[in-house]
Amino acid sequence: MRWENLTENPAEIPTGRVTDAALFGADTVTTRTFDTPEFAGVTFHEIRARSIVNRVPGASRMPFEWTVNPYRGCTHACVYCFARKTHSYLDLDTGLGFDSQIVVKVNAPELLRRHLASRRWHGEHIAMGTNVDCYQRAEGRYRLMPGIIEALRDYANPFSILTKGTLILRDLDLLRQAAEVTDVGVSVSVGFVDRELWRTVEPGTPAPERRLDVVRALGEAGIGCGVLMAPVIPFLGDHPVQLRETVRAVAAAGATSVTPLVLHLRPGAREWFMSWLGQHHPHLVRRYERLYAEGAYAPKWYQRRITRQVHELAEEFGIGPSRAEAPRRLRARQEPEPASAATQLTLL
Ligand code: SF4
């Protein structure tokens with residue numbers, strides 16, 4: 001396993017560090033397994049990371065610049081997961097290894113708090129859940145997110161979370177406290193509500209309807225929640241009836257928005273997904289090879305078609321900020337201060 005000379009992701013450079021800096025040293029790795037059914041077959045590699053806030057290069061397609069990822073690997077085990085490739089940087093397997101060899105940055109909360117306190121940090125938005133799910137099952141045991149949210153709350157630092165995990169509801173009070181002092185965005189990923197497809201392609205995730213319960217609960221708590229309808233899976237989850245059922249369910253959950261994203265198959269994910277496709281839907285292999293002949297992304301015409309269909313359905317079902325009760329948003333002043341200085345905040 002290659003622990004040295006590691007950056008978080010070639011697309012994400014740790015801040016304040018040269019590119020060949022190690023996030024952690026081999027001497028700091030503790031490997032554990034837990035004798036519970038929930039973690040059967042899963043190995044955890046606990047590390048003390050050297051940095052936690054990562055910069056996304058400007059050339060990236062991502063709409064955010066800074067990220068925090070307390071975990072590497074994900075037991076949600078989505079067959080299509082684009083983060084699989086990142087496991088190869090550790091010389092770990094990008095297939096089953098990604099699903100079962102989980103790196104845990106046990107000092108993530110203290111590192112983040114230190115980073116937020118730095119004079120060099122200017123309170124930029126931090127995105128989480130952008131590489132792997134920060135509310136995957138491991139979080140139930142390691143409980144890193146409460147400390148992370150507390151730090152962000154205390155420094156009134158805006159942030160967003162994208163997740164497929166229902167565990168986020170454990171931290172609802174903290175999210176509510178943070179939303180009192182800064183911008184908090186939460187999105188839940190639900191690409192489809194087809195249970196058969198879910199069982200095979202996202203075997204470690206909570207069921208789509210449980211995720212939509214999260215959307216509902218967050219909305220009821222005053223934290224507006226959007227749905228990233230991702231991925232829309234060609235020929236398996238893109239039938240107009242499936243799109244309609246999904247958008248209908250998203251609307252019923254009170255989502256503030258729905259954003260479709262067609263499956264993309266980057267190296268690492270592509271091999272694993274195509275192998276799964278060959279086992280479960282062999283008749284589709286040729287169609288996929290043609291659809292993804294140009295690379296990792298489906299053709300523009302296909303993406304546009306899905307986007308148009310979903311937007312039309314969203315309009316039909318009335319999804320949008322005006323429909324759901326708007327979350328209370330407070331804007332913090334420039335200098336990060338503890339949240340208790342609420343009198344200095346401005347209601348948007
Ligand atoms: S939940 Fe997200 S990070 Fe985890 S396996 Fe699925 S797509 Fe990957």
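Student: What makes the span of helix H10 close to the expected one in this predicted model?

Tutor: Helix H10 covers residues 269–280, which is 12 residues. The expected span is 1.5 Å times one less than the number of residues. For H10 that gives 16 Å, and the distance from the first C-alpha to the last also reaches 16 Å.

Student: Which residues of H10 are buried, and why are they said to be on the same side?

Tutor: The buried ones are Ala 269, Trp 272, Phe 273 and Leu 277. They lie on the same side of H10 because their arc around the axis is only 135 degrees.

Student: What lies on the face of H10 turned away from the buried side, and what covers the buried residues?

Tutor: The face turned away carries Gly 278 and Gln 279, both exposed. The cover over the buried residues includes helix H1 (84–88) and helix H11 (285–291).

Student: Why is Gly 237 called buried?

Tutor: The cut-off is 20 or more other C-beta atoms within 10 Å. Gly 237 has 22 C-beta neighbours inside 10 Å, so Gly 237 counts as buried. Its place is in the loop between E11 and helix H9 (240–252).

Student: Which residues is Gly 237 in contact with, leaving aside neighbours within four places in sequence?

Tutor: They are Gly 191, Phe 192, Asp 194, Leu 197, Val 232 and Gln 242. Asp 194 is 43 residues from Gly 237 in sequence, yet their C-alpha atoms are 7.6 Å apart.

Student: How many residues are in the largest nonpolar core, and which of them touch the most other members?

Tutor: The core has 87 residues, and those touching the most other members are Ile 148, Val 215, Val 227, Met 229, Val 250, Ala 255 and Val 258. Strand E11 (residues 225–232) gives this core its largest share, six residues. Not counting residues up to four places away in sequence, Ile 148 touches Val 68, Pro 70, Ala 108, Pro 109 and Leu 112.

Student: What is the make-up of the shell around the ligand?

Tutor: The shell divides into six nonpolar, three polar and two charged residues. Among the residues around the ligand are Cys 74, His 76, Cys 78, Cys 81, Asp 133 and Lys 164. Asp and Lys count as charged and Cys as nonpolar.

Student: What share of the whole protein is buried?

Tutor: Buried residues make up 43% of the 348 residues. The protein has 12 helices and 14 strands.

Note on methods
Residues are numbered from 1 along each chain as its sequence is written. This is a predicted model: local features need pLDDT of at least 70, side-chain atom pairs count only at pLDDT 80 or more; totals for chains, interfaces and linings use all residues. A residue is near a molecule or strand if its C-beta atom, placed from the backbone, lies within 6 Å of it. A nonpolar core is a set of buried Ala, Val, Leu, Ile, Met, Phe, Trp, Tyr and Cys residues joined through C-beta atoms within 7 Å. A residue is buried if 20 or more other C-beta atoms lie within 10 Å of its own, exposed if 12 or fewer, and partly exposed in between; C-beta atoms are placed from the backbone. Helices (H or I, at least four residues) and strands (E, at least two) are DSSP runs, numbered from the N terminus. Two residues are in contact if their C-beta atoms, placed from the backbone, lie within 7 Å. The arc is that of the directions from the helix axis to the C-beta atoms.
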